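The sequence and the structure are shown first, and the description follows.

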Amino acid sequence: MTDTPHAGAGWFSTLLGSASFARAYTLTVFSAVFSAFAIERIAGHVTYVTIIASLCLLGIAVMVVRRREISLLRLVPTSVIVFIGWAFASVFWSSDFGKSFWSWVSLLGVAFLAVVIGHVRDTLQTVRALGDVLRVLLAASLVVEVLSGILLDIPFTFLGVQGDIAEFGPIQGIFGTRNLLGFVAVIALITFLIEYRTQSVRPGVSVASVVLAGGLAVLSDSPTVVVLALGVGLAVGALVLVRHAAPERRAALQLSLGALVVIGVFVGYAARHPIIALLGAGSDFSMRVDLWNQMVDLVRFRPVQGWGWFGPWDLHEFPFNAVNALLGEQHATGLNAFFDVTLQLGWVGLVLFIALGALALARSWLVAGERRSVVYAWTPLVLVALLIDSMFESFTLTGLGWLMLVLCTVRAGQSRSWRERLDSGVDAGGPASAEDQGLPHAQGDSRTQG
């Protein structure tokens, strides 16, 4: 994704428009957003906000410099715009306009970072950047847990690390909770396996990365990891079938797989109690059900518009303080993105959120099934992980989960969208790249271009 700056361009514009800066920017965004918990615990919330705000300003500058490469018509998917727009509208009927507005600004800022990455990096370059960041963060998590639980044998209270790695978990690393560590580990596994298949890193690095991510996923002892791994594994199998099917049989196969998914959801719901017992998550699930029931009761008072956007719960604001008071708990989220969206944005928000995820998944799935390069499988597999995890956590509404959701939505919209009928221009990469031709990049290119 290189471009030639126009004659007379200053050194700063040349820097902002270079491929090297695009790679450095992408690495920095991933590092900052995925390290949010550690940054806030070590340096404070203001420091994290300053980092994100600075990256947004840099992102604006990058987009201005690259404006000739970018089509405004294909800049942001409509589903993302409408969802963020409805969240902004909800600010006006929330219990605290100021807090709700700044939470919306945070939602918008992280989404903008994802849009910038989606337009300055292609899919393989995004995978490589994310893989490099996750290797470092997961290794740092392992080092912290080993120091706390084995070498020093003391908890690191500033990170919330209890040092239970000697008892084989649960551990949380630098991510704050074991469920978030498990979720990141699954995203990392998808990314590392795509790296291996595209030969964009050395085989030894790929194997070590997979072992690291898999080991931390197991040590997190998170019940959601089992469900995530099973769901992503089934998605991989289905995608392999689609990619190897004859073109004339692909549509029928897609419909059959869709029917199996619907049947599987109903069977899973009917057999939820045995499944929960098998996972050993009975008490955890019971707690979540109690929480969701209270949230549904409050949604009935404002079923259409919800109570206003806050993202992570403000424990002093209604209705979140009411939910926690009734349960005698201190929940910071609804532990389910779909229920959380419904509580804050009503049924309108829920429909928009489901449409956002479903359209992105459908588009990226069709592209992955038709194009030859395996790198196209990354987007639908990450979306599968995000949507499955949304049934047990609210990660996809803020922070790293929201970043990945918008990034995958932007990537899916670039490959298959109604905009292609109106705009025949190419993406930010300019002329067709190796990825567009269905061929993996050469290993040397991946190291130099990102």
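Within helix H14, the residues Phe320, Ala322, Val323 and Asn324 are buried. Directly after H14 comes glycine 328, with a positive phi of about 70°. The model described here is predicted.

Helix H8 covers residues 178-198. Of its 21 residues, 16 are buried, and H8 is thus mostly covered. The 21 residues of H8 should span 30 Å at 1.5 Å a residue, and this agrees with the separation of its end C-alpha atoms, which are 30 Å apart. The residue that follows H8 is glutamine 199, where phi is positive and near 55°.

**Salt bridges**

The structure holds 11 salt bridges.

| Lysine 99 | Aspartate 314 | 3.2 Å |

The side chains of lysine 99 and aspartate 314 meet in a salt bridge. Because lysine 99 lies in helix H6 and aspartate 314 in the loop between H13 and helix H14, this pair ties together parts that are 215 residues apart in sequence. Lysine 99 counts as partly exposed because its relative accessibility is 35%. Aspartate 314 has a relative accessibility of 16% and therefore counts as buried.

Glutamate 195 is buried, its relative accessible area being 0%. Arginine 135, with a relative accessibility of 15%, counts as buried because the limit for that class is under 20%.

Arginine 288 is buried, with a relative accessible area of 3%, and glutamate 393 counts as buried at 5% relative accessibility.

What is the volume of the second largest pocket? The value is about 1,700 Å³. Its lining is made up of 49 residues, and those that lie nearest the centre of the pocket are Ala36, Glu40, Pro312, Thr398 and Gly399. Several helices each supply at least two residues of this lining: helix H2 (19-34), helix H3 (36-43), helix H4 (45-65), helix H6 (97-120), H8, helix H13 (282-299) and helix H17 (399-415). H6 gives the most to the lining, with eight residues.

**Contacts between positions separated in sequence**

Leucine 397 is located in the loop between H16 and H17. At 3% relative accessibility, leucine 397 counts as buried.

Serine 141 belongs to helix H7 and counts as buried, at 1% relative accessibility. Between serine 141 and glycine 173 the C-alpha to C-alpha distance is 4.0 Å, while the two are 32 residues apart in sequence.

**A nonpolar surface patch**

Which residues form a nonpolar patch on the surface? The patch consists of Val143, Leu147, Ile150, Leu151, Leu152 and Ile154, which together have about 540 Å² of accessible area. One of these, leucine 152, is found in the loop between helix H7 (123-151) and helix H8. Leucine 152 counts as partly exposed because its relative accessibility is 48%.

Note on methods. Residues are numbered from 1 along each chain as its sequence is written. This is a predicted model: local features need pLDDT of at least 70, side-chain atom pairs count only at pLDDT 80 or more; totals for chains, interfaces and linings use all residues. Side-chain values use heavy atoms; hydrogens and water are left out. Patches are made of residues with over 30% relative accessible area and no salt bridge: like charges are joined within 9 Å, nonpolar side chains (Val, Leu, Ile, Met, Phe, Trp, Tyr) within 5 Å. Accessible areas come from the Shrake-Rupley method with a 1.4 Å probe; for residues, only the protein chains shown count as cover. A salt bridge is a side-chain nitrogen of Lys or Arg within 4 Å of a carboxyl oxygen of Asp or Glu. Helices (H or I, at least four residues) and strands (E, at least two) are DSSP runs, numbered from the N terminus. Buried means under 20% relative accessible area, exposed over 50%, partly exposed in between (1.4 Å probe, protein chains only). The expected span of a helix is 1.5 Å times one less than its number of residues. On a 1 Å grid over the protein atoms alone, a cavity is a set of points where a 1.4 Å probe fits but cannot get out, and a pocket is an open set with protein on both sides within 12 Å along at least five of seven lines; lining residues have an atom within 4 Å of a point. Grid points are joined across faces, edges and corners, and a volume is the space filled by probe spheres set on the points.
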